[in-house]
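The sequence and coordinates are shown first.

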Amino acid sequence: MTTSSSVPRADDADTDRLKALLEEAVTDLDSQAWSDLWTELYHNGSLDVAHPLLFHTLADLAEADKAGPAASALHLAGALLVQADQRHETRNLRHQYAPEVARLLGAANRWRQVTADRNDYCHLVEAILNLEGDIHWAEGLVWGVVSEEYELECPDPDGCASLWVIIGERGYFCAAEDYALSDDIETFPLHPADPRALEGLGRRLYDLALADGHEEVARALTYAFGEATCPECERRFSVAGQVAACST
Ligand SMILES: [Zn+2]
């Protein structure tokens with residue numbers, strides 16, 4: 001046993017590690033530091049997400065005038081908050097850093113209005129939903145809009161099939177086989193929501209995308225918040241509802 005102050009304690013080493021990664025992330029967007037932050041905070045949790053430096057620095061980055069680091073900071077902060085909500089089944093991390101979360105959310109809403117790139121815009125919307133914390137399936141929802149497909153399970157209680165819901169250049173349909181692997185498979189057309197009939201989250205995101213000048217995202221959202229038909233059992237189901245169900 002030792003009480004010597006010259007022997008670094010584990011939490012001192014962790015603080016030094018986090019500090020070094022954040023300093024590198026602030027100065028160089030393309031550095032390995034961002035990938036290491038994701039690994040050590042999100043994937044393996046070897047660094048403490050409740051460290052006082054973390055959300056403060058991410059909020060500073062989000063509020064600065066560089067879009068790239070701001071987007072990276074917002075994405076990481078949102079994902080860490082949702083993960084903490086789910087892992088601990090409390091909102092303690094959000095409450096502990098409420099002022100920083102409010103700063104991050106304010107910054108995300110400012111960047112959203114000036115971001116022209118479609119996918120960058122979608123990831124900002126994901127960050128906003130994650131920072132708000134009302135749903136935990138924003139990543140799944142936005143992933144499908146960005147990649148133009150959702151991989152879901154049929155909601156049939158017996159889990160009848162894995163489904164691909166395709167939304168975009170390849171068409172608008174549901175298939176029970178990986179569409180990329182076969183030319184000759186049965187597909188069922190999607191049933192987009194009538195924009196005038198959208199409610200709740202779908203209504204809000206659709207209106208936001210139009211107001212921000214992203215008509216194509218708004219159109220994709222009518223499919224995400226519309227319905228699909230399973231080619232195996234012909235059950236009709238809500239796409240967003242199944243994204244939420246498959247994200248638990
Ligand atoms: Zn089915």
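What covers the buried residues of α7? The cover includes α4 (67-88), α6 (98-114), α8 (138-147), α9 (200-211) and α10 (215-224). Helices (H or I, at least four residues) and strands (E, at least two) are DSSP runs, numbered from the N terminus. A residue is buried if 20 or more other C-beta atoms lie within 10 Å of its own, exposed if 12 or fewer, and partly exposed in between, with C-beta atoms placed from the backbone.

The model is predicted: local features need pLDDT of at least 70, side-chain atom pairs count only at pLDDT 80 or more, and totals for chains, interfaces and linings use all residues. Residues are numbered from 1 along each chain as its sequence is written.

**Helix α7**

Because 11 of the 15 residues of α7 are buried, the helix is largely enclosed by the rest of the structure. Among the buried residues are Tyr121, His123, Glu126 and Asn130. At 1.5 Å a residue, the 15 residues of α7 (residues 118-132) should span 21 Å, and the end C-alpha atoms are 21 Å apart, which agrees; the expected span is 1.5 Å times one less than the number of residues. Just after α7, glycine 133 takes a positive phi of about 75 degrees.

**Domains and their contact**

Domain bounds come from an automatic or database domain assignment.

Two residues are in contact if their C-beta atoms, placed from the backbone, lie within 7 Å.

**Nonpolar core**

A nonpolar core is a set of buried Ala, Val, Leu, Ile, Met, Phe, Trp, Tyr and Cys residues joined through C-beta atoms within 7 Å. The largest such core has 69 residues, of which Leu74, Leu104, Ala108 and Val165 touch the most other members. With 9 residues, α4 gives the most to this core. Domain 1 and domain 2 both give residues to the core, so it lies between them. Not counting residues up to four places away in sequence, alanine 108 touches Ala62, Leu74, Leu124, Ala127, Ile128 and Leu131.
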